[in-house]
Amino acid sequence: MSILVKTVGVLGLGVFGSTIAKELGEQHYDVIAVDKDLIDVNRVEEYVVQAVQGNFTDIELLRSIGFSNCDVVVIGTGSNLESSVMAIMNCKKLGIKRIIAKAKNRTHMEIMQEMGAHEIIRPEKEMGDKVARNIMRNNILDVINLDEENSIIEFTAPKRWIGRSLKDLDLRKKYQINVIGMKSDPKGKLSINVPPEEKIKPGSFIVAIGNPKTFEHLDYTDQLK
C-alpha cells in the first residue's frame, strides 16, 4: 500500500520551526523551509527537499519555490507579529488549505485567527501546561485528545482498585470513561475485550476512552476510588 506523502512548508527556522522541519524530513515528508538567516537554513538543509534563504513575507519568493503545492504550512516565527500576519496572508493567497501558526501570546493568537490561520500554537504555554500536568499526575501516564470532549487515557491502576473488578468499580458512572483495554503485566500484550468481572492486579495498565476532566482532577488530587 502506497503512503501519501504530504508537502509541508515551514516559514521561520528557529528552534520551533527547525525541529518541525527536521522531524518531518526524517519521516520522509517533502519539506520546503524558508528563513532569512543563512545559518538556520543550513542547519536544516540535509533534512528537507528545499531550504531557501529569503524573506517569507515576499509572496513572489514563495510562489517561485513551489509553496502553492504545499498541503500544510507551519509559520514558525512567533515574536514578529507583522511577519506572521504577512505570512498568513500570503499562504491564503496561494491557496494553502491548512495553515498552522505559532503565537507569542493570546492577543497575537486572536489576530492570527482573524487573519485566517487554521490552527494556532503557543509552545511555551502548552509546554508549561504539560509540565504542570506531569507533576500533578499520580496514575495517569498519557492523555491523547481526540476532540474537545473525548480523549484516550492511559494509566496505571490506583492501589485502591487492586482486587476489585471493573464491574464493581463502575468507571463509566464515576468518571465518564470506558475501559477499552488492559494488561496485568506492563510488558505483556494489551487485552482489548476485558470482561467486567476482571479483577485488577497490582501494576495493571489500563486504557480508557471518554471525557477526562473528572478523572484527571481526581487523579491530580489522589482521590480515585
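Let me start with Asn 139, which at 12% relative accessibility counts as buried, where buried means under 20% relative accessible area, exposed means over 50%, and partly exposed lies in between, with a 1.4 Å probe and protein chains only. Asn 139 sits in the loop between helix H6 (123-136) and strand E7 (140-145); helices here are DSSP runs of H or I with at least four residues, strands are runs of E with at least two, and both are numbered from the N terminus. If we set aside residues up to four places away in sequence, Asn 139 touches Phe 155, Thr 156, Ala 157, Pro 158, Asp 219 and Leu 224, a contact being heavy atoms within 4.5 Å.

A word on what we are looking at: this is a predicted model, in which local features need pLDDT of at least 70 and side-chain atom pairs count only at pLDDT 80 or more, while totals for chains, interfaces and linings use all residues. Residues are numbered from 1 along each chain as its sequence is written, and side-chain values use heavy atoms, with hydrogens and water left out.

Now to the chain overall. It has nine helices and 10 strands, and of its 225 residues 42% count as buried. A compact globule of 225 residues would have a radius of gyration near 17 Å, whereas this chain has 22 Å; the radius is taken over C-alpha atoms, and the globule rule is 2.2 Å times the number of residues to the power 0.38. Along the principal axes, the C-alpha atoms fill a box of roughly 65 × 45 × 30 Å. Among contacts between residues at least 6 apart in sequence, 57% join residues at least 24 apart. The chain exposes about 13,100 Å², of which carbon and sulfur atoms supply 51%, the areas coming from the Shrake-Rupley method with a 1.4 Å probe, and for residues only the protein chains shown count as cover.

Next, helix H4, residues 81-93. Its 13 residues reach 18 Å from the first C-alpha to the last, close to the 18 Å expected at 1.5 Å a residue, the expected span being 1.5 Å times one less than the number of residues. Which residues of H4 are buried? They are Ser 83, Ser 84, Val 85, Ala 87, Ile 88, Asn 90 and Cys 91, and these buried residues pack against strand E1 (7-11), helix H3 (59-64), strand E4 (72-75), strand E5 (98-102) and helix H5 (106-115). At the start of H4, a side-chain oxygen of Asn 80 comes to within 3.2 Å of the backbone nitrogen of Glu 82, and just after the helix Gly 95 takes a positive phi of about 80°.

That brings me to backbone angles elsewhere. Most residues other than glycine have a negative phi. His 28, although not a glycine, has a positive phi of about 70°; it is in the loop between helix H1 (15-26) and strand E2 (30-35), and at 63% relative accessibility His 28 counts as exposed. Asp 170 also has a positive phi, near 50°, and its place is in the loop between helix H7 (166-169) and helix H8 (171-175), where at 33% relative accessibility Asp 170 counts as partly exposed.

Finally, the charged pairs. Why are Asp 40 and Arg 43 separated by about one helical turn? Because they are three residues apart in helix H2 (residues 38-44). Asp 40 counts as buried at 15% relative accessibility, while Arg 43, at 34%, counts as partly exposed.

The side chains of Glu 119 and Arg 98 meet in a salt bridge of 2.6 Å, N to O. Glu 119 lies in strand E6 (residues 119-121) and Arg 98 in strand E5, so this pair ties together parts that are 21 residues apart in sequence. Glu 119 is partly exposed at 31% relative accessibility, and Arg 98 is partly exposed at 33%.

Lys 125 forms a salt bridge with Asp 129, the closest N and O atoms being 2.9 Å apart, and because the two are four residues apart in helix H6, Lys 125 and Asp 129 are separated by about one helical turn. Lys 125 is partly exposed, with a relative accessible area of 40%, and Asp 129 is partly exposed with 31%.

Terms used. A polar contact is a pair of N or O atoms within 3.5 Å; within protein, one must be able to donate a hydrogen and the other to accept it, and residues adjacent in sequence count only if both atoms are side-chain atoms. A salt bridge is a side-chain nitrogen of Lys or Arg within 4 Å of a carboxyl oxygen of Asp or Glu.
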